[in-house]
Amino acid sequence: MHFSSGIVRPPYEAWSTFLQVTSGCSHNKCRFCTFYKDAAFRVSPEEEIREDLAELRDFGAIPERIFLQGADPFLLSFNRLMHIAELIKEYLPSVQSIGGYGRVDSLKNKTVEQLQQLKQAGYDLIVFGIESGDDIVLDRMDKGYHGKDIVEQLSKMTQAGMRYSVIFLGGLGGHGYGLDHARKTADVLNQLTPTRVLASGLTLFPDTPLMEEVRDGRFTEASEAEKIEELMEFVKCLEISTILDASNVSNLAPVFGHLPQDKQKILSALQSVLDRQGEEQLRYRRTHLRSL
């Protein structure tokens, strides 16, 4: 298989089959990100995709879902994505759906009608790493878009009937800014219909530009208690019907539930962690995370 980096996926895609169609990240400027640094951006040639699909077929794989690899395979053109779906069906007719990551601006080159056709071809539950809906944070972290772009582009997914998830990264605003960050991001998401909101907690690693800002005093990291309080405010402010999934390892207070019905249960669980664990204990756990 032609994998240029390790497999990157949401936790719930653990049982999917993986196929690389792009390598690296087309943006590769986010100041906090450590993913995809070991591979330059590249679109996989058709011969490589065919070789990988043939390998999966010959191995005896009978997958129902393919999760495309690369930071944003959904940036590929409509025609190329349709052709990839055709190749998948040719080699692996058991596949019922195709997922992958996408940036918000991956949707700019696609109309609602094209998204509807991609949905019919099997694409569904695309994951958009928005991280924030706060323009101040988006600019500081060099995400390359603003809150209005998130609403404009992801609304096309709803119009097309294609389900999607979004990622919220708590702590990205730094010390003292978590509550504002939570409210502004919730305001953006309240205009949308994500099937799942994946909430993560910022973990700083040595080889990121953001860590350099911490070292020279330009960015002050939020405390672990602040990050939990930020997640609580985010949950309080979300008014949509969605799955809140904060179960990955970056969350020192993991929670999961359906909103709005599980809102109070989630808030109580987060408050319980704050009541039982002090900052020193939480910080120890954060500093001993080696990967996400």
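Author: Buried residues account for 57% of the 292 residues in the protein chain. The model is predicted.

Reader: What makes a residue in E1 buried?

Author: The cut-off is under 20% relative accessible area. Thr17, Phe18, Leu19 and Gln20 are all buried, so each falls under that limit. Thr17 and Leu19 point one way from E1, Phe18 and Gln20 the other way.

Reader: How do you know that the protein chain agrees with a compact globule?

Author: The rule is 2.2 Å times the number of residues to the power 0.38. For 292 residues a compact globule would have a radius of gyration near 19 Å, and the protein chain has 19 Å, so the two agree. Its C-alpha atoms fill a box of roughly 55 × 35 × 35 Å along the principal axes.

Reader: How do you know that E1 and E4 pair?

Author: Pairing needs at least two bridges. E1 and E4 have four, in the parallel sense, so they meet the criterion. Phe18 has Phe67 in E4 as its bridge partner.

Reader: Why are E1 and E10 said to stand at the edges?

Author: The open sheet has eight strands in the order E1-E4-E5-E6-E7-E8-E9-E10, with mixed pairing. E1 (17-20) and E10 (255-259) each have a single partner strand, so one side of each lacks a neighbour in the sheet. The twist averages 20 degrees from one strand to the next.

Key: Residues are numbered from 1 along each chain as its sequence is written. This is a predicted model: local features need pLDDT of at least 70, side-chain atom pairs count only at pLDDT 80 or more; totals for chains, interfaces and linings use all residues. Side-chain values use heavy atoms; hydrogens and water are left out. Helices (H or I, at least four residues) and strands (E, at least two) are DSSP runs, numbered from the N terminus. Axes are lines fitted to C-alpha atoms, for helices over the stretch in contact, and angles run from 0 to 180 degrees between N-to-C directions. Buried means under 20% relative accessible area, exposed over 50%, partly exposed in between (1.4 Å probe, protein chains only).
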